[in-house]
Amino acid sequence: KKTVREIDVQGKRVLVRADFNVPLDEEGAIADDTRIRASLPTIRYLCERGARVILCSHLDRPKGEIVERLRLALVANRLSELLDQPVVALRDCIGPEVESAVAAMNDGDIILLENLRFHSEERADDSPFAERLAGLADVYVNDAFGASHRAHASVVGVPQHLPAVTGLLLEREVSAFTRILEKPERPFAAVIGGAKVSDKLEVLDNVISRVNLLLIGGGMAATFLASRGYQTGASRVETDRLDDVRRIEANAGRRGVRLILPRDVVVAERLEAGAPTRVVSATEIPDGWIIADIGPGAADEFSRELGNVRTVVWNGPMGVFEIPEFAEGTRRVAAALANLRGTTVIGGGSTTDAVQRFGLADEMTHVSTGGGAALTMLAGKALPGVEALDDAETP
Ligand code: 3PG
């Protein structure tokens, strides 16, 4: 599929779907502007070449009605600071006022449409709504990797009505995942963690058929330990997923994939700062205690193993890293990846947060801006937003 680099945009009205779904703090300010920064290359590229840039995005999950604190004006302000250029925030994303604002644009101008999810038609992928958005522009650019797993109007509907191309962020994200999944330099390892096996089943099933080594951490290790018959204390075991876990283990065995569970774990009476903690063998978790992190022995082993591979993909923290007492396992894995001379891909969501918190994001080959979209790619499934581009007309 063509990217913005391959088309002439001078004087054209270009509708860019970005993912400005940023976390907000309690005061309603932007808590982390990573996604805004990640969109800058495409926006700059278009402006410098004389396009009239019409940006659009969702923010959070308003249900088809206006929510004042979810107006995109705050994103426009941040964009304007970062680009050192005015970015005009409109009060709606369709309608006569939007149309006249677009008609008044000069080459190189930037406007940002209002939160798309103030209209329920966005999530419903309503065709007249998509057509009205498309009617604002000459060309459509999808740069919203983080939203491309959603078959919403601005993602899959608009490219049915406009010539469409890939933005620079979307291109970078998709090629990072495709490269490691299709042509990894070996040995290839996956580190999978997080709270629940059920969130990662499709990812586990896909990576097991591609990797040489699979390291499991996080709360979900409890379900793996339980499937091997160990006591897991008060940790959450997904009893309805034990068969899935056994299937994954059997698959690993059949394919010669080394699947390593933490040998020791940090357990706590409660998953709270200041709660009593202990380090215990993963095969002997005492009654009443909950897995909060991988233990130091496991962190040593994981680091050693990761020192011997050429490619790593990591999704899911090793423990409750938001609480300092339970952050060490995640920090050690992040450090092992940072030291690796090879390809390291961080699979989005809380794993990206963790790597940033430890100040190690710049040491990685690729740090994904997607949550669900990254999981979809790691599960080996197509993104509806990318498929829509494939089906669309090219400028
Ligand atoms: C995300 O944050 O993963 C994307 O922006 C998609 O948001 P959604 O899960 O509300 O569709």
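This is a predicted model: local features need pLDDT of at least 70, side-chain atom pairs count only at pLDDT 80 or more; totals for chains, interfaces and linings use all residues.
Colleague: What pLDDT does the protein average?
Modeller: pLDDT is the predictor's confidence in each residue, from 0 to 100. The model scores ipTM 0.99 and pTM 0.96. In this protein 100% of the residues score at least 70, and the average pLDDT is 97.

Colleague: Which residues touch the most other members of the largest nonpolar core?
Modeller: A nonpolar core is a set of buried Ala, Val, Leu, Ile, Met, Phe, Trp, Tyr and Cys residues joined through C-beta atoms within 7 Å. Buried means 20 or more other C-beta atoms within 10 Å of a residue's own, exposed means 12 or fewer, and partly exposed is in between, with C-beta atoms placed from the backbone. The largest such core has 129 residues, and those touching the most other members are Val14 and Ile54.

Colleague: And which helix gives the most to this core?
Modeller: Helices (H or I, at least four residues) and strands (E, at least two) are DSSP runs, numbered from the N terminus. The top contributor covers residues 168-182 and puts in eight residues: helix α7.

Colleague: What domains is the protein divided into?
Modeller: The bounds come from an automatic or database domain assignment. The C-alpha centres of the two lie 35 Å apart. They are domain 1 (4-171) and domain 2 (184-378).

Colleague: Where they meet, which helix supplies the largest share of the side of domain 1 that touches domain 2?
Modeller: The contact takes nine residues from domain 1 and six residues from domain 2. On the domain 1 side, the largest share is three residues, and these come from residues 34-48, which form helix α1.

Colleague: Which residues surround the ligand, and how many of the shell are charged?
Modeller: A residue is near a molecule or strand if its C-beta atom, placed from the backbone, lies within 6 Å of it. The ligand's neighbours are Asp19, Asn21, Arg61, Gly146, Ala147, Arg150, Gly371 and Gly372. Ala, Val, Leu, Ile, Met, Phe, Trp, Tyr, Cys and Pro count as nonpolar, Asp, Glu, Lys and Arg as charged, and the others, Gly among them, as polar. By class, the shell has one nonpolar residue and four polar ones, and its charged residues number three.

Colleague: Which peptide bond is cis?
Modeller: Most peptide bonds are trans. Omega is near 5 degrees for the bond from Arg186 to Pro187.

Colleague: Is Asp84 buried or exposed?
Modeller: Asp84 sits in the loop between α2 (73-83) and β3 (88-89). Its phi is near 55 degrees, a positive value in a residue other than glycine. Because Asp84 has 6 other C-beta atoms within 10 Å, it counts as exposed.

Colleague: What is phi of Asp125 near?
Modeller: Asp125 lies in the loop between α4 (120-123) and α5 (127-134). With 19 other C-beta atoms within 10 Å, Asp125 is partly exposed. Its phi is positive although the residue is not glycine, and it is near 50 degrees.

Colleague: Which residues of helix α13 are buried?
Modeller: What covers them includes β15 (311-315), α12 (328-339), β16 (343-346), β17 (366-367) and α14 (372-378). Just after α13, Gly359 takes a positive phi of about 70 degrees. In α13 itself (residues 349-357), the buried ones are Gly349, Thr351, Thr352, Ala354 and Val355.

Colleague: Why does Leu214 count as buried?
Modeller: Leu214 is in strand β8 (residues 213-216). Its contacts, not counting residues up to four places away in sequence, include Ala190, Ile192 and Val207. Leu214 is buried because the number of other C-beta atoms within 10 Å is 22.

Colleague: How many C-beta neighbours does Gly218 have inside 10 Å?
Modeller: Gly218 is in the loop between β8 and α9 (221-227). Beyond four places away in sequence, it touches residues including Gly193, Gly194 and Pro317. Gly218 counts as buried because its C-beta neighbours inside 10 Å number 29.

Technical notes
Residues are numbered from 1 along each chain as its sequence is written. Two residues are in contact if their C-beta atoms, placed from the backbone, lie within 7 Å.
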